[in-house]
Amino acid sequence: MSALFTPLQLREITIKNRLTISPMCQYAAIDGFANSYHTVQYGRFALGGFGLVMVEATAVSAEGRITHGDLGLWSDAHIPGLSAIASFLKQYGATPAIQLGHAGPKASMQRPYYGDGPLNASDFERGDLPWPVVSASAQPVDEGWLVPEALDAHGLARIKQAFVDAAKRAHAAGFDVIELHCAHGYLLNSFLSPLTNQRTDAYGGTLENRMRLPLEIAQALRDFWPQEKPMFVRISAVDSSKQGVSVEDSVQFAKALAAMGVDVVDCSTGGIGRTYDYESGYGYQVQYAKRIKAETAIKTMAVGMIVAPQQAEAIVAGGAADLVAIGRQALQNPNFAHEAEQALGAVDASAPFNSWPRQVGWWLNGRQRKIAQIGEWQPAAETV
């Protein structure tokens with residue numbers, strides 16, 4: 001039996017396998033609204049056999065968008081478009097999940113395919129105009145970026161309420177999992193990191209203080225989010241710079257999250273610092289999921305350059321993480337999960353496409369029987 005294709009029970013939600021879609025922004029929304037592109041984008045991963053499909057970072061306020069193309073949940077009007085996605089995912093066996101975030105100092109920037117930097121004159125001509133941004137401190141991401149306003153007490157209260165209101169809308173839209181985004185240099189990571197948090201009040205200085213806002217928001221979400229539904233938190237287990245958040249810091253953060261009832265820590269890295277000071281390669285972030293899982297009472301999700309079924313199987317079978325998030329590899333091959341199931345021998349050899357949507361599985365099983373009769377295709381011998 002494949003460990004990767006063993007169901008996972010989280011509270012009252014059963015995820016059919018351990019393969020999840022990592023949240024990947026598509027920058028295809030208008031005014032935060034999901035459209036047919038998003039339905040097809042996420043629907044194909046459900047058809048492709050993934051156990052959990054995480055909708056991309058969805059802004060809890062208009063100012064919290066990374067770009068003008070981000071999805072949003074700051075209005076009830078955003079619910080129907082996202083509800084259509086959640087409904088489709090459930091219909092085809094995937095657990096629908098959504099990541100809630102606020103971009104903080106990295107808000108109001110270019111869509112990556114236009115440059116991935118601060119908005120400029122070319123963006124203004126397209127109609128992408130800047131808006132004021134906020135952060136833990138009045139420290140821009142880099143030279144030429146917008147200088148954020150440091151959140152005051154009123155601003156902190158407003159942000160907390162925006163997350164709770166977005167979670168209420170996510171529930172109304174039919175999602176079974178929410179993920180709080182605390183990674184990659186966005187707002188809550190800007191509070192966690194000593195590189196970006198220069199505050200001298202109760203939300204800055206010590207690790208305990210720097211964790212305060214993310215933990216307050218996590219607690220508020222867990223208090224509202226139905227007890228039968230799980231909640232994830234994505235972290236940067238280490239900042240890009242070794243002078244920033246350390247894995248030891250993240251272990252302490254994960255322990256606090258576990259104590260308040262968070263179910264899974266999604267272990268990414270980076271986002272603050274000009275260079276990535278750690279080794280990177282295939283599965284380079286799995287070590288953080290493994291350590292946090294080992295040292296805390298919380299489940300973890302591994303992500304980052306996981307490209308092969310056998311690699312993902314080893315992560316779960318070896319106990320490094322409970323879930324494996326696939327990102328770019330799924331963009332290249334939306335059927336990764338189904339093909340992984342076959343590669344790991346977790347299917348009926350006589351009908352290897354039974355777990356695929358029945359609309360296509362019966363076609364492919366029929367072809368497989370024919371191939372069994374005639375043999376695998378071989379290139380024709382060259383003739384002179």
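Is Ala62 buried, partly exposed or exposed, and at what relative accessibility? Ala62 counts as partly exposed because its relative accessibility is 30% (buried is under 20% relative accessible area, exposed over 50%, partly exposed in between, with a 1.4 Å probe and protein chains only). This is a predicted model, where local features need pLDDT of at least 70, side-chain atom pairs count only at pLDDT 80 or more, and totals for chains, interfaces and linings use all residues. Residues are numbered from 1 along each chain as its sequence is written, and side-chain values use heavy atoms, with hydrogens and water left out.

**View 1. Ala62 and its contacts.** Ala62 sits in the loop between β4 (52-59) and β5 (71-72); strands are DSSP E runs of at least two residues and helices H or I runs of at least four, numbered from the N terminus. Leaving aside residues up to four places away in sequence, Ala62 touches Trp74 and Trp131 (heavy atoms within 4.5 Å).

**View 2. Helix α11 and strand β13 at the lining of the largest pocket.** Here β13 (323-326) and α11 (328-332) each bring at least two lining residues, and α11 has the largest share, with three.

**View 3. Helices α1 and α12 at the lining of the second largest pocket.** Both α1 (36-47) and α12 (336-343) supply at least two residues of this lining; α12 gives the most, with three.
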